Amino acid sequence: MEFGWEPYLSERDKKHSELWGKKELNGFGNKPALVLIDIYYSVLGLEREDIFESMKTWRGSTGLEGWEAVDKTAELLKVARASGVPVIHVKGLHSGVNSWGRRKRAAPTMSKEMIEKGQQIVDEVKPIEGELVIEKAAPSAFQGTPLAFQLQSLGIDTVIVCGETTSGCVRASVVDGATARFRMGVVKDCVFDRTEASHYINLYDMHHKYADVVSLDMAKTYLASMAADAPMLKAG
């Protein structure tokens, strides 16, 4: 499988990967959950536009690459729901807390209605009845939230992650999930970022340290195997 990070590695990096790099997947368990992180309109825009066009209105937009990942996430979400895999949506808490970012940004000039729309999870992957929505006040979906407790109460051993940004909230969540000893999976087709280098290098780093980075097809096959009438996929 081509991961996409190969062009971003120097010759030294490639040599290091040959000697030390991950050679095979660690494998997932028998009780997964699908966690979708920060898939709301302000990081995509209300229209499907090229990133630089979208940024004229939504400065934090990820553009068409983000929308492509959302469409693929919707495919995976459909499989998870059909297979009875728990789905948890995580989004930022947008009021009453200071921003965790360290760069200063001008306050948005758009209307209150537009700001509120931007904070909504996009229709393509919006929660349905029975799916938990967690708001977070830090990059990680685990930090200061009940996510770990919810996963433990469900007997979850594997967390499959989609969303944005690959280098930010996704990575922070994957590191914390691995720290809590969950088997972490990142679906490379279903995570997205604002810059290509950040996206691919963080996929590379997560794959070699904290998670298995897998394709959409691999993730769909895995979640489909959780259906009651499907053969159980054994842990690796």
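How many bridges join β1 to β4, and in which sense do the two strands run? Six bridges join them, and the strands run parallel. Strands pair here if DSSP finds at least two bridges between them, and both helices (H or I, at least four residues) and strands (E, at least two) are DSSP runs numbered from the N terminus.

Before going further, a word on what you're looking at. This is a predicted model, where local features need pLDDT of at least 70 and side-chain atom pairs count only at pLDDT 80 or more, while totals for chains, interfaces and linings use all residues. Residues are numbered from 1 along each chain as its sequence is written, and side-chain values use heavy atoms, with hydrogens and water left out.

Let's start with the whole chain. It comes to eight helices and six strands, and along the sequence they follow the pattern α-β-α-α-β-α-β-α-β-α-β-α-β-α. The radius of gyration is 18 Å, close to the 18 Å that the globule rule gives for 236 residues, so the chain is as compact as a globular protein of that length. That radius is taken over C-alpha atoms, and the rule is 2.2 Å times the number of residues to the power 0.38. Along its principal axes, the C-alpha trace spans about 50 × 50 × 30 Å. Buried residues make up 45% of the 236, where buried means under 20% relative accessible area, exposed over 50% and partly exposed in between (1.4 Å probe, protein chains only).

Now for the sheet. The six strands form an open sheet in the order β3-β2-β1-β4-β5-β6, with parallel pairing. β3 (132-136) and β6 (212-214) stand at the edges with a single partner strand each, so one side of each has no neighbour in the sheet. Neighbouring strands are turned by 25° against each other on average, direction ignored. Axes here are lines fitted to C-alpha atoms, for helices over the stretch in contact, and angles run from 0 to 180 degrees between N-to-C directions.

Take a closer look at β4. Seven of its seven residues are buried: T158, I160, C162 and E164 point one way, and V159, V161 and G163 the other. In a regular strand the side chains alternate between the two faces of the sheet. Towards β5 (residues 183-192), β4 (residues 158-164) pairs in the parallel sense over six bridges. Along that pairing, T158 has R183 as its bridge partner, G163 has V191, and E164 stands opposite F192. β5 is mostly covered too, with nine of its ten residues buried.

What packs on these strands? Helix α6 (residues 166-179) lies across β1, β3, β4 and β5, running at about 170° to β5. Contact, throughout, means heavy atoms within 4.5 Å.

Finally, there's a helix pair to look at. Two packed helices are described by the angle between their axes and the distance between the axes. The axes of α3 and helix α8 (residues 216-224) come within 8 Å and cross at roughly 10°. The two helices are therefore roughly parallel to each other (angles under 35 degrees count as roughly parallel, over 145 as roughly antiparallel, 65 to 115 as roughly perpendicular and the rest as oblique). K72, E75, L76, V79, A80 and S83 of α3 meet L216, A219, K220, L223 and A224 of α8.
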